[in-house]
Amino acid sequence: MSNLCVEGDEHMFRIAICDDERHFRKRIHDILIEYMNENDILYEIDEFESGKDFISLGINLAKYDIVFLDVNMDELDGMETAQKIRKVSNDVFIVFVTAFITCAPQGYSVGAIRYILKNNVNFPELIFECMDAISLNMNYVAQKKKFNFNEGTKIVALERLLYIESRLHKLEFYIMEDKLKKYSIYGKLDELEKELQGNDFIRIHQSYLVNMKHIEKVSRYEALLNNGIKLEIPKARYKFVEETFVSYKGEI
């Protein structure tokens, strides 16, 4: 089971929850979504019913930033799963979620960042604190900017801004919230392009300023965004856009 906020962003928390108890997977899942929404963080959360299922991903498990591991699972327990994770990646943050704290000393050998007791009355607060610690460790800082939209003043996390379209002296902002939403403001795209310089936005068209974090690919005179939207790129600008995008992808 997967819950996806937005795909294709290097500043996204990709999280795996590995627990053989469905209700605990859901509980952790719900708490994490609350944390992400409160902190304007993009996320992708996948659920796994066993350590074996997670380990079966092989090298692909390295795409996750964080894994919440139940210690007491059948067949392949959390500690064994963690040991196998470490054979693939040393960068994944491992959080043990357990009913018993007696196994804590073993966790140091796999570099677990936290042990969280399932029956603790402060379980949600402990998850939040754990995520704060990981965020700090990852030096994760969401770049934000205030805009006085026609719909009202709003502080926007720039990585949630997919693109801006210029239409008849009005700029339309497409922002990922609980779903893709549109806000408008009167202004010139040239001026906004200067304001957002250095934040990975690219002018692919006289009318489009696009966040490269959300471009899936550039081909055949169009940019495909990771939510399926296609935006035209004029032939005269295509080479510049293609080269800039390839360079950006190489850097990240």
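In the predicted model, Asn211 is in contact with Leu158, Glu159, Leu161, Leu162, Asp200 and Phe201, neighbours within four places in sequence being left aside. Asn211 belongs to strand S13, residues 208-211. The residue is buried, with a relative accessible area of 0%. Its side chain makes polar contacts with backbone atoms. A polar atom of the Asn211 side chain lies 3.0 Å from the backbone oxygen of Leu161. The Asn211 side chain also reaches the backbone nitrogen of Lys213, at 3.1 Å.

Asp70 is located in strand S4, which covers residues 66-70. Its relative accessibility is 2%, so Asp70 counts as buried, the cut-off being under 20%. With neighbours within four places in sequence left aside, Asp70 is in contact with Cys18, Asp19, Asp20, Gly78, Val97 and Lys118.

Strand S4 also takes part in covering helix H5. This helix comprises 15 residues, 123-137. From first C-alpha to last, H5 reaches 21 Å, close to the 21 Å expected at 1.5 Å a residue. Its buried residues are Phe123, Ile127, Phe128, Cys130, Met131, Ile134 and Ser135. They cover an arc of only 160° around the axis and therefore lie on the same side of H5. An α-helix has 3.6 residues a turn, so residues three or four places apart point the same way. The cover over the buried residues of H5 includes strand S2 (12-18), helix H1 (22-38), S4, strand S5 (93-98) and strand S6 (114-117).

Key: Residues numbered from 1 in each chain as written. Predicted model: local features only at pLDDT ≥ 70, side-chain atom pairs only at ≥ 80, totals over all residues. Heavy atoms only, no water. Helix = DSSP H or I, 4+ residues; strand = E, 2+ residues; numbered from the N terminus. Buried < 20%, exposed > 50% of the residue type's maximum accessible area, 1.4 Å probe, protein only. Polar contact = N/O pair within 3.5 Å; in protein donor to acceptor, adjacent residues only side chain to side chain. Contact = heavy atoms within 4.5 Å. Expected span 1.5 Å × (residues − 1). Arc of directions from axis to C-beta.
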